[in-house]
Amino acid sequence: MDIDRPRSLDETLAAAGEYPDATLLAGGTDVMVEVNFRTRQVRRVISLRGVADLSEWNGTRIGAGVTYRRMELGPIPALAQLARTVGSPQIRSVGTLGGNLGTASPAGDTHPFLAACDASIEVRSRDGGTRILSWSEFLTGPKLNALKPGEVITAVVLPEHLPARQEFGKVGVRSAMVISTVSACVMRDEEGRTTVALGAVGPTVLRAARAEEMMSAESHPSAEALAEFSRLVSDEVRPITDHRSTEAYRRHASGVLARRLLERCLAA
Amino acid sequence: MNVHFTVNGEEREAAVQGPESLLFVLRERLGLLGAKDACEQGECGSCTVIVDGDLVCSCLVMAADAEGTEVLTVEGLATEDELHPVQQAFVEHGAVQCGFCTPGFVVATAHLLEHQPAPTEPEIREALSGNICRCTGYGALLRAVQSMGGASP
Ligand SMILES: Cc1cc2nc3c(=O)[nH]c(=O)nc-3n(C[C@H](O)[C@H](O)[C@H](O)COP(=O)(O)OP(=O)(O)OC[C@H]3O[C@@H](n4cnc5c(N)ncnc54)[C@H](O)[C@@H]3O)c2cc1C
Ligand code: FES
Ligand code: FES
């Protein structure tokens, strides 16, 4: 096995351009599980450990190398909330935003946040320059993303103005170290425009468009409106039954979770 | 391939094969058997060490990627003739049963107290949530950590 240790973004792009099959290694919290269980062949590694450019965080531009630990301590409420739920301190100290997008698990906990605020993903390569993809263009299926060979995720770009009211929550079998059965992020701005994104209940994270439209028209939602919102969310998700949960439970939990998060936004 | 890094304050060099983990290299190549190998998927914390100041699962660190880093394992905590205060507190409060989880808990606790000398109970529980003890020693573990509140490690 060979390992490259680029010290800058340009060196990283050069290495990734030269070895498009190499494994990019950030925090390693997904890669190493696969290595240890021999489900991933690694012949060449490009280590991102020394690439400080990727760890920059300027306002709404968050470098791919930013760790959950930094998100936890950062200024964006829902991002801090979700980061706190990821794994354990040992995972959060090294696991990165870019790694969560690279893995593209349907249960990736950063995804509902990125979808709820309509974030873009910035990717770069030596030969193809820079591409900016919306979250839905980037996340293309379970464990699938739009990265082309030689491309590196460089940053996530958030809209300039994020709604002040934003809440993230997840449901799992316990509160620490758990993969989401359902995760959700709800945002509501001053005009009442509401977005709701749900993870682990579809091939990729999804937005509940009908629930959003209905709730965005409510300036002071009544109990009936909240119930309808919950029902629409349950209706719009596309969960499956697997070893972690059933379709019916995930559908129900999606509606309950989304409503609770919305109630917190309204109370804030 | 050989990696060069600092382990418990000493410059070390170790042979590394393929993408094997830092945990494997510490145990099998350097003979440091403190960090334990249980799940190899980041779930149990028995392999916890500190790399460049970060609390990590050594099973999830690629050894080849540890080049140039500073690693602290449980072996680096005690001195020749004195236990580390965290180890002493664990002994005094019966926080060790079979001992398998102990090195991971000791390292995680030392890391916690270095950053928060007087943690609250929720902070302790949160900081140790990546470590599992199968002998149900959590009550004693909590009391051991609480006994150190205020005392700098
Ligand atoms: C015990 C445990 C608990 C976990 N809990 C959670 C959880 O609660 N929620 C959750 O969402 N996830 C969880 N995870 C999964 C994992 O920690 C996250 O997906 C994390 O964000 C991965 O980041 P990383 O830096 O460790 O990625 P790595 O493992 O280094 O890489 C992951 C993938 O992304 C690619 N990659 C990394 N950086 C880039 C880049 N800049 N450009 C292109 N590709 C890149 C890699 O090549 C690889 O394919 C958990 C994992 C473990 C082991
Ligand atoms: S062996 Fe590393 S966390 Fe379990
Ligand atoms: S003392 Fe036995 S696992 Fe903790």
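Predicted model: local features only at pLDDT ≥ 70, side-chain atom pairs only at ≥ 80, totals over all residues.
How many residue pairs are in polar contact between chain B and chain A? The count is ten, with both residues of each pair at pLDDT 80 or more.

**The contact as a whole**
- Chain B brings 31 residues to the contact, and chain A brings 27 residues.
- The size of an interface is often given as the accessible area lost when the parts come together.
- Here, the area buried between the two chains is about 2300 Å², and carbon and sulfur atoms give 58% of that area.
- On the chain B side, L60(B), M62(B) and D65(B) supply 27% of the area that chain B buries against chain A, more than any other three residues.

**Charged and polar links**
- Three salt bridges are counted between chain B and chain A.
- In a salt bridge, the side chain of D65(B) meets that of R49(A), at 3.3 Å from N to O.

**The side of chain B that touches chain A**
- Strand 3 (48-51), strand 4 (54-57) and helix 4 (121-127) of chain B each supply at least two residues of this side.
- Strand 4 of chain B gives the largest share, four residues.
- By type, the residues of this side are 13 nonpolar, ten polar and eight charged.

**Helix 4 of chain A**
- This helix covers residues 77-85, and its buried residues are A78(A), L79(A), A80(A), L82(A), A83(A) and T85(A).
- Just after helix 4 of chain A comes G87(A), with a positive phi of about 45 degrees.

Key: Residues numbered from 1 in each chain as written. Chains lettered and ligands numbered in written order. Heavy atoms only, no water. Contact = heavy atoms within 4.5 Å. Buried area = accessible area lost by both parts, 1.4 Å probe. Salt bridge = Lys/Arg side-chain N within 4 Å of Asp/Glu carboxyl O. Polar contact = N/O pair within 3.5 Å; in protein donor to acceptor, adjacent residues only side chain to side chain. Nonpolar A, V, L, I, M, F, W, Y, C, P; charged D, E, K, R; others polar. Buried < 20%, exposed > 50% of the residue type's maximum accessible area, 1.4 Å probe, protein only.
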